[in-house]
Structure formats: C-alpha cells, structure tokens
Amino acid sequence: MTQNNDATRVITGKVRLSYAKIWEPEEDKQGNPWYGTSVLIPKEDKDTVRKIKAAVDAAKEQGKSLWGGKIPGSLKTPLRDGDEERPDDDAYRGHYFLNCKSKNKPGIAKPVGKTPDGKTKFQEITDTTEVYSGCYVKISLNFYPFSGESRGVAVGLNNIVKIQDGEPLGSSRVAVDDEFADEDFDDVVDISDDDEDFMN
C-alpha cells in the first residue's frame, strides 16, 4: 500500500491534529484496525501546501499503472478546503486539511536537543495525554494511489513530532486537578499530613 519514494513523501511544517486516533487503532466498516488523524494545514504555510500538491502529482503518475495507463478525470484527491467544507468549525477556518492513516502505530516523539553534529535529538512520547487532537506537530506522510470502488490518492501516516500544546479539540477529558481543585472534600474524606505520601 505504501511506497518508499521521496517524491511521494512529505514532512509538514507546523500543523494541528484533529480526530487523532494515534494511540489505539480504530476499526473501519470492514473491521480492519487503523491508526489515523486529520491534519489541519494553515493556508499561509505555502511551502507545506506546495509539497503536498507535488506529492499528490507524483502519486498520480505512479497510479497510471493501476488506472489503465492514464490519470482518471474523476480522481479523488486528499487535500480539502476547511473554509468550504467546514465553514462553521473555527479550528478548520483558514486551513486546508487531509486525513491520513496507517495499519502500524506511528512513531510519536518530541525534540530534546541537538547531537554534536547538529542534528535534532528526539525522545519517544509514551504518555497518551501528551499528543492529542488540538496539539501542534510536524508529521511525516506518504501519498499513494489506490483503485477499487473508487480511484484516487490516499495518505499514509508515518511519524509525529510534537511541537507545542494547543486548545484540545472535540471531547477531551479535563484534568482531575482542574476539575476538582475548588471542591470541598473535608466532610467525605480525611485529608491530613499523614496522607501526604499517598497523595504524592
């Protein structure tokens, strides 16, 4: 399904995750498990948009062997306009977006410094609350042709590097400290210095 081809591979600029299913796979209608996410790309990030369009064009060329030697006129392509398709969603306003997926769990990491030769060092992220719908990342994608009930170009999900936190999107759990900090528990539980070790 996926191909190791530099022409169809893209590392984005700063983008935002939405509908992120990156820690546990979710089954599709056929019962196949997939990891995936929607990727929100600011329209002003012209470099990332250009790279994506070039990768889509390269995948179309690869797809000729699947599509009878030519590019179909009714081809499905992945890059969509948030202003047109989701005009009432603030997160999508001013953005393009695409959906990507993989049968394999993506690598998820954060930059933690530089190596002596100037390359970026990374640390794997294992805390499932640290990368979520709404946070900002750089993400590596690969674009590939498909043929079946429909024909087009799809997007594979490779690796994710977190850049910064953002306002969570969708239904996200509120931290216990935030939700209960102002509640009074004196009448229902004994909170004393003796319990300090337990609470920490």
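Predicted model: local features only at pLDDT ≥ 70, side-chain atom pairs only at ≥ 80, totals over all residues.

Colleague: OK. How many salt bridges are there?

Modeller: The count is eleven salt bridges.

Colleague: Which residues are linked in a network of salt bridges?

Modeller: Lys 43, Asp 81 and Asp 83 are linked that way. The closest N and O atoms of Asp 81 and Lys 43 are 2.8 Å apart.

Colleague: Where do Asp 81 and Lys 43 lie?

Modeller: Asp 81 is in strand β4 (residues 80-81), while Lys 43 is in the loop between β3 (33-42) and α1 (46-63), so the pair ties together parts that are 38 residues apart in sequence.

Colleague: And what is the N to O distance for Asp 83 and Lys 43?

Modeller: That salt bridge comes out at 2.6 Å, N to O. Asp 83 sits in helix α2 (residues 82-85) and Lys 43 in the loop between β3 and α1, so here the parts tied together are 40 residues apart in sequence.

Colleague: Is Asp 81 buried or exposed?

Modeller: Asp 81 is buried, because its relative accessible area is 15% and the cut-off for buried is under 20%. Lys 43 is partly exposed at 22%, and Asp 83 is partly exposed at 30%.

Colleague: What does Lys 64 pair with?

Modeller: Lys 64 forms a salt bridge with Glu 61, with the closest N and O atoms 3.0 Å apart. Glu 61 counts as partly exposed, with 46% relative accessibility. Lys 64 is partly exposed too, with 28%.

Colleague: Switching to rings. How many aromatic pairs does a search of the whole structure find?

Modeller: The search turns up one. Tyr 92 and Phe 97 make an edge-to-face pair, 5.1 Å centre to centre with 85° between the planes.

Colleague: Why edge-to-face for Tyr 92 and Phe 97?

Modeller: Because the planes are 85° apart, and over 60 degrees counts as edge-to-face.

Colleague: Last topic, charges over rings. Which ring does the charged end of Lys 43 sit over?

Modeller: That would be the ring of Tyr 96, with the charged end 5.2 Å from the ring centre. Lys 43 is also in the salt-bridge network with Asp 81 and Asp 83.

Colleague: What about Lys 14?

Modeller: Lys 14 lies over the face of Tyr 136, 4.9 Å from the ring centre.

Notes. Residues numbered from 1 in each chain as written. Heavy atoms only, no water. Phe/Tyr/Trp six-rings, centres within 6.5 Å; stacked < 30°, edge-to-face > 60°. Lys NZ or Arg CZ within 6 Å of the ring centre and 35° of its normal. Salt bridge = Lys/Arg side-chain N within 4 Å of Asp/Glu carboxyl O. Helix = DSSP H or I, 4+ residues; strand = E, 2+ residues; numbered from the N terminus. Buried < 20%, exposed > 50% of the residue type's maximum accessible area, 1.4 Å probe, protein only.
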